[in-house]
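Here is a friendly walk through one structure. Have the viewer ready and follow along section by section.

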Amino acid sequence: MRTATYFFIFLNLSLALFEEPAVYPLPFLATSVLEVLCLLVFLGRLTHFAKVTLHNVFWKDTKNICIMVAILLSLTDLAIYGVLRMYDVRSIRWSRIVRPIFLINFAESRQIRRAFRSIRNTLPEITYVFLLFMFSLLMFSLMALKLFGERNLQTAEGLPYFRNYLEIVFDLYVLVTTANSPDVMMPAFDFSSWYTLFFIAFVIVNTYIFMSLFLAVVYNNYKKHLKVMPRGAC
């Protein structure tokens, strides 16, 4: 039973690869039939669970309510999408975002729920570090706007360089990952090599200090909550 449940959960999640817009497109009829099959299996599993569980216990369990709501939303969205498709009206399958609910809330997914709850409990405690990081990013972005905004610099593509605050925030956010290094600093470097000190300071503070601190806080708090949570909790 557990293997079959996991198989159909995996199949249901994998449908995103074949539904429009798809990586490997399949006809709408094929994907809809597979989705309905998965939902029927989930409904059958839930019905079987209701048969072997006390009535009051079953309806007080929020996991069962979540699964039923997810099945109802998925079927409703599938029906609406199919009708609109018949009339050549373009729409979006919004119910895809509820599919992970099946992975988390079935009784067989106890370990996944433990990990999910540990992540949820960790989030409030890492908020302060994240806010400090965002404050640093916004302040460095403001400094970059003051340093380079009035220099009329241009990128290699001929676009304005560091003249829009929101674009600066995004470019420096990408620089935290070093994905756009050293390209992001080349226009400033060509103007004056001293400007590289700004980017070196930014990388040291945000990439090497804040990211390491952020990772340490996430790891320690996640491990703490995972240990504190009872193993039988579901």
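Predicted model: local features only at pLDDT ≥ 70, side-chain atom pairs only at ≥ 80, totals over all residues.

## H7 and its two partners

Two packed helices are described by the angle between their axes and the distance between the axes. Let us start with H6 (110–148) and H7 (165–176). The axes of H6 and H7 cross at roughly 120° and come within 9 Å, so the two helices are oblique to each other. Their crossing is right-handed. On the H6 side, the contact is made by Phe133, Leu137, Leu138, Phe140, Ser141, Leu142, Ala144 and Leu145, and on the H7 side by Tyr165, Ile168, Val169, Leu172, Tyr173 and Val176. Sorted by class, the residues of this contact are 13 nonpolar and one polar, with no charged residue.

H7 also packs against H9, which spans residues 196–228; here the axes come within 9 Å and cross at roughly 60°. That angle makes H7 oblique to H9, and H7 passes H9 in a right-handed crossing. From H7, the residues involved are Leu172, Leu175 and Val176, which meet Phe199, Phe202, Val203, Asn206, Thr207 and Met211 of H9. This contact has seven nonpolar and two polar residues, and again no charged ones. Look for Leu172 and Val176 in the viewer: they take part in the contact with H6 and also in the contact with H9.

## H1 against H2

H1 passes H2 in a left-handed crossing.

Which residues of H1 and H2 meet? H1 brings Thr5, Phe8, Ile9, Leu11 and Asn12, while H2 brings Leu34, Glu35, Leu37, Cys38, Val41, Phe42 and Arg45. The contact of H1 with H2 counts eight nonpolar, two polar and two charged residues.

## Two backbone details

Most residues other than glycine have a negative phi, and most peptide bonds are trans. With that in mind, two spots in the loops on either side of H7 deserve a look. Asparagine 152 is not a glycine, yet has a positive phi of about 55°. Asparagine 152 sits in the loop between H6 and H7.

The other spot is the peptide bond from serine 181 to proline 182, which is cis, with omega near 5°. Proline 182 belongs to the loop between H7 and H8.

## The largest pocket

Rolling a probe the size of a water molecule over the atoms shows where empty space is left. The largest pocket holds about 360 Å³ of space. Its lining comprises 17 residues, and those closest to the centre are Thr155, Glu157, Tyr161, Asp171 and Val184.

H8 gives the most, with three residues. By class, the lining of the largest pocket has eight nonpolar, three polar and six charged residues.

## The second largest pocket

How much space lies in the second largest pocket? The answer is about 230 Å³. Its lining is made by Glu20, Pro21, Tyr81, Arg85, Asp88, Val89, Arg90, Ser91, Ile92, Arg93 and Arg96.

Divided by class, the lining of the second largest pocket has six charged, four nonpolar and one polar residue. The charged residues there include Glu20, Asp88 and Arg96.

Note on methods: Residues numbered from 1 in each chain as written. Heavy atoms only, no water. 1 Å grid on protein atoms, 1.4 Å probe; cavity = no way out; pocket = protein on both sides within 12 Å on 5 of 7 lines; lining within 4 Å. Points joined across faces, edges and corners; volume = space filled by probe spheres on them. Helix = DSSP H or I, 4+ residues; strand = E, 2+ residues; numbered from the N terminus. Axes fitted to C-alpha atoms, helices over the stretch in contact; angles between N-to-C directions. Parallel < 35°, antiparallel > 145°, perpendicular 65-115°, else oblique. Left-handed = near helix turned anticlockwise from the far one by under 90°. Contact = heavy atoms within 4.5 Å.
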